Amino acid sequence: AQSSNGKQHDDPEKARKFKAQLHAFEAGKLIKSKHYHYAKEEFKKACDFEPENTQYAIGYANAAHQAGEWEDAVDAYKRILKSDPSQTSVIKTLGECLFRLARYDEAVDTYKKAIPHEKDKCDLWQRIAQIRSGQGRYNE
């Protein structure tokens, strides 16, 4: 890979990060133009070059979510939460994806896991109540 001054990167680590950044940059442009599926693919490439980069992983998951690719989004959000289970925005979006897949009990359990970490607990309880009332399960 080449640096901004046109010289070849001698350091493979820098080259790997540079390639990841290029794919993430392309993904950002695709998101702005609402091409979420293609953005997801670019974030996947960025993650392949830099698997430890949480921002690329979140980008991939969010692009899958925006594309309506719920299963991919669920898998990606769960991987993110394994390394940081306190990310409430990730937990909430995972819950939404599970809801869209009609995995209601799993969505409720996911929202409940966010409660200790969330300042606005009312929002989470409201989401849980909406799911349970839609199922006719008012006492849970």
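Analyst: Contact here means heavy atoms within 4.5 Å. This is a predicted model, in which local features need pLDDT of at least 70 and side-chain atom pairs count only at pLDDT 80 or more, while totals for chains, interfaces and linings use all residues. Residues are numbered from 1 along each chain as its sequence is written, and side-chain values use heavy atoms, with hydrogens and water left out.

User: Happy to start with α6 and α7. Which residues bring the two helices into contact?

Analyst: On the α6 side they are Tyr104, Asp105, Ala107, Val108, Tyr111, Lys112 and Ala114, and they meet Leu124, Arg127, Ile128, Ile131 and Arg132 of α7. By class, this contact has eight nonpolar, no polar and four charged residues (nonpolar: Ala, Val, Leu, Ile, Met, Phe, Trp, Tyr, Cys and Pro; charged: Asp, Glu, Lys and Arg; polar: the others, Gly among them). The helices themselves are DSSP runs (H or I, at least four residues), numbered from the N terminus.

User: What makes α6 and α7 roughly antiparallel?

Analyst: Helix α6 (residues 104-114) packs on helix α7 (residues 121-134) at about 165 degrees, their axes being 9 Å apart. Axes are lines fitted to C-alpha atoms over the stretch in contact, with angles from 0 to 180 degrees between N-to-C directions. An angle over 145 degrees counts as roughly antiparallel (under 35 is roughly parallel, 65 to 115 roughly perpendicular, the rest oblique), so α6 and α7 fall in the antiparallel class.

User: Why is Asn53 called buried?

Analyst: Asn53 has 17% relative accessibility, and buried means under 20% (exposed is over 50%, partly exposed lies in between, with a 1.4 Å probe and protein chains only); so Asn53 counts as buried. Asn53 sits in the loop between α2 (36-49) and α3 (54-66). A polar atom of its side chain lies 2.9 Å from the backbone nitrogen of Gln55.

User: What makes Thr110 buried rather than exposed?

Analyst: Its relative accessibility is 8%, so Thr110 counts as buried. Thr110 belongs to helix α6. Beyond its neighbours within four places in sequence, Thr110 is in contact with Ile91, Leu94, Gly95 and Leu98. A polar atom of the Thr110 side chain also lies 2.8 Å from the backbone oxygen of Glu106.

User: Why do Lys34 and Ala102 get the labels they do?

Analyst: Lys34 has 59% relative accessibility and therefore counts as exposed, whereas Ala102, at 44%, is partly exposed. Lys34 is in the loop between α1 (12-32) and α2, and Ala102 is in the loop between α5 (88-100) and α6. Although not a glycine, Lys34 has a positive phi of about 65 degrees. Ala102, also not a glycine, has a positive phi near 60 degrees.

Notes. Polar contact = N/O pair within 3.5 Å; in protein donor to acceptor, adjacent residues only side chain to side chain.
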